[in-house]
2 protein chains.
Amino acid sequence: MKDIYEMPGHLARRFQQIAVAVFHAEVGEAGYDLTPVQYAALAAIDKNPGLDQVTLAGLIAYDRTTITGVVDRLVQKELAVRQPSKKDRRARELRLTGKGLQILKDVGPAVLSAQQTMLRGLDPAEAAELMRLLAKAIDASNELSRAPMKAMPATAGTT
Amino acid sequence: MKDIYEMPGHLARRFQQIAVAVFHAEVGEAGYDLTPVQYAALAAIDKNPGLDQVTLAGLIAYDRTTITGVVDRLVQKELAVRQPSKKDRRARELRLTGKGLQILKDVGPAVLSAQQTMLRGLDPAEAAELMRLLAKAIDASNELSRAPMKAMPATAGTT
């Protein structure tokens with residue numbers, strides 16, 4: 001049997017562990033209280049203002065059952081709002097607040113720096129190749145995940 | 001600002017998500033109720049019989065505060081035992097039971113198959129390169145993680 005240290009599953013967990021720790025360290029040090037998933041949600045709402053929660057979950061590949069908690073936290077922090085949709089009164093649209101927009105912009109350099117830190121062992125060509133191979137592997141197995149990433153539906157989320 | 005989909009942190013989360021889902025699907029389908037971390041713990045105890053819990057946490061890069069729960073589950077499932085150490089009565093040594101050894105062996109093919117499934121989008125050379133680059137990136141950032149991997153101490157865990 002292969003050693004666990006050589007298994008992709010083990011390396012996946014270790015890399016994710018490091019990515020989360022580095023994100024928290026650098027974003028926290030810059031003075032922001034934001035998790036990687038909260039950041040991804042802010043960025044996705046910014047890009048698709050007016051989207052609903054299920055669509056947001058698909059865009060950031062997050063579980064539908066736990067996305068509510070993520071959005072709750074963004075609303076509590078006054079970074080985003082849930083508004084009734086004009087098209088469908090039962091639906092709720094997500095938008096960033098002014099504060100949310102500002103934080104998304106201000107935290108950018110720390111997020112970018114964290115991304116570089118997690119790859120600090122690789123030279124630029126290796127880092128690019130790692131990103132390419134990860135994206136390719138993920139793309140081929142997307143629907144095996146419990147929370148597959150889903151593109152923006154063509155009819156939704158227009159402002 | 002870079003798109004989140006191109007960020008190493010996002011790819012790390014997605015790849016880990018897929019790895020966990022594939023592990024559960026294939027190991028579950030083979031009839032075993034074992035998480036990736038429980039499997040890693042079984043393999044590490046098998047390789048280092050008599051090790052203590054803190055050393056186990058280091059070997060599988062798992063948080064010291066949550067490793068207790070992992071070991072509890074293995075003990076409940078009668079796959080491992082905590083025994084008083086002969087050298088230090090306050091210490092507890094971990095060993096696999098006969099059932100634990102058998103399950104570790106029997107689940108092997110499903111674990112191996114899961115590892116191949118998570119890389120199904122890559123050809124063998126790409127898969128090898130992804131493993132090499134992930135290991136290199138992890139190695140350079142190991143101590144940035146909240147649960148860094150620690151090698152077996154030279155003096156401990158000999159049977």
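**Exercise 1. State how far the predictor trusts chain A and the complex.**

Chain A averages a pLDDT of 91. In chain A, 95% of the residues score at least 70. The model is a predicted one, and pLDDT is the predictor's confidence in each residue, from 0 to 100. Now take the complex. The predictor gives the complex an ipTM of 0.88. Its pTM is 0.88. One caution applies: where pLDDT is low, the predicted coordinates should not be read in detail.

**Exercise 2. Describe the build of chain A.**

Start with the elements. Chain A holds seven helices and two strands. From the N terminus on, the run is α-α-α-α-β-β-α-α-α. Then take the dimensions. Along the principal axes, the C-alpha atoms of chain A fill a box of roughly 55 × 35 × 25 Å. Now turn to burial. Chain A has 159 residues, and 42% of them count as buried. Finish with contacts. Consider those in chain A between residues at least 6 apart in sequence: 59% of them join residues at least 24 apart.

**Exercise 3. Find which helices of chain A touch chain B, and what kinds of residues they meet it with.**

Count the contacts. In chain A, 50 residues are in contact with 50 residues of chain B. Look at where the chain A side comes from. Four helices of chain A each supply at least two residues: α1 (8-29), α2 (36-47), α6 (108-117) and α7 (124-141). The largest share, 15 residues, comes from α1(A). Now sort this side of chain A by type. It divides into 31 nonpolar, nine polar and 10 charged residues.

**Exercise 4. Work out how chain A and chain B are related.**

Two copies of a chain are related by a rotation about an axis and a shift along it. Apply it here. A rotation of 180° with 0.0 Å of shift along its axis superposes chain A on chain B. The RMSD is 0.0 Å. The two copies are therefore related as by a two-fold rotation axis. Check the contact surface. The same surface serves both copies, as 100% of the contact residues of chain A recur in chain B.

Key
Residues are numbered from 1 along each chain as its sequence is written. Chains are lettered from A and ligands numbered from 1 in the order in which they are written. This is a predicted model: local features need pLDDT of at least 70, side-chain atom pairs count only at pLDDT 80 or more; totals for chains, interfaces and linings use all residues. Two residues are in contact if their C-beta atoms, placed from the backbone, lie within 7 Å. Ala, Val, Leu, Ile, Met, Phe, Trp, Tyr, Cys and Pro count as nonpolar, Asp, Glu, Lys and Arg as charged, and the others, Gly among them, as polar. Copies are superposed by least squares on the C-alpha atoms of residues with pLDDT of at least 70 in both. A residue is buried if 20 or more other C-beta atoms lie within 10 Å of its own, exposed if 12 or fewer, and partly exposed in between; C-beta atoms are placed from the backbone.
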